[in-house]
Amino acid sequence: MKLARPPAKPKREGTIALINIVFLMLIFFLIAGTLAPPLDRAIDPIQSQAGEPVPPPQALFVREDGSLSSGGQETSLEQWVKGIGEDQPVLRVFADRRTPARLLIETAAKVEARSGKPVRLVTLKVQP
């Protein structure tokens with residue numbers, strides 16, 4: 001007498017492995033997205049058509065009213081200069097387009113005088 005073999009179980013798909021990979025990619029992109037310092041949302045940046053791209057700046061943000069921020073938090077010029085690492089050869093100032101030129105020049109001059117490092121103005125490059 002022949003007994004019928006039980007039906008063969010279908011091979012399992014590797015969905016668990018796929019879910020793990022997608023989850024790890026999600027975590028990677030969440031971390032990578034937070035590595036760049038946040039731009040101050042209260043600033044409407046100066047735009048230019050020239051210039052070379054630079055990595056996101058650890059910049060001093062100058063708002064229209066002259067208030068200063070860095071890393072999304074209010075700061076003073078003295079606090080910001082003290083917090084600058086020695087590994088930054090050039091300091092960056094990111095200003096609102098409505099900031100008076102006189103105020104921007106005065107702020108950049110104060111930063112350069114207190115830090116002893118050159119200061120560069122960061123602009124947002126737009127396509128012509």
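Q: Which residues of helix 3 are called buried in this predicted model?
A: Leu103, Leu104, Thr107 and Val111 are the buried residues of helix 3. Buried means under 20% relative accessible area, so each of these falls under that cut-off.

Q: What makes the buried residues of helix 3 line one face?
A: Seen down the helix axis, they fall within an arc of 100 degrees, so they line one face of helix 3. An α-helix has 3.6 residues a turn, so residues three or four places apart point the same way.

Q: Which exposed residues does the face turned away from the buried side of helix 3 carry?
A: That face carries Ala101, Arg102, Ile105 and Ala113. Exposed means over 50% relative accessible area, so these four sit over that cut-off.

Q: What do the buried residues of helix 3 pack against?
A: They pack against strand 2 (60-62), strand 3 (68-70), helix 2 (77-82), strand 5 and strand 6.

Q: How do you know that the span of helix 3 agrees with what it should be?
A: Helix 3 (residues 101-115) has 15 residues, so at 1.5 Å a residue it should span 21 Å. Its end C-alpha atoms are 21 Å apart, which agrees. Gly116 follows helix 3, with a positive phi near 75 degrees.

Q: Why are strand 4 and strand 6 called edge strands?
A: The open sheet has 5 strands in the order 4-3-2-5-6, with mixed pairing. Strand 4 (73-75) and strand 6 (119-122) each pair on one side only.

Q: How do you know that strand 5 and strand 6 count as paired?
A: Pairing needs at least two bridges. Strand 5 (residues 91-95) and strand 6 have 4 bridges, in the parallel sense, so they pair. Arg92 stands opposite Arg120 in strand 6.

Key
Residues are numbered from 1 along each chain as its sequence is written. This is a predicted model: local features need pLDDT of at least 70, side-chain atom pairs count only at pLDDT 80 or more; totals for chains, interfaces and linings use all residues. Side-chain values use heavy atoms; hydrogens and water are left out. Helices (H or I, at least four residues) and strands (E, at least two) are DSSP runs, numbered from the N terminus. The expected span of a helix is 1.5 Å times one less than its number of residues. Buried means under 20% relative accessible area, exposed over 50%, partly exposed in between (1.4 Å probe, protein chains only). The arc is that of the directions from the helix axis to the C-beta atoms. Contact means heavy atoms within 4.5 Å.
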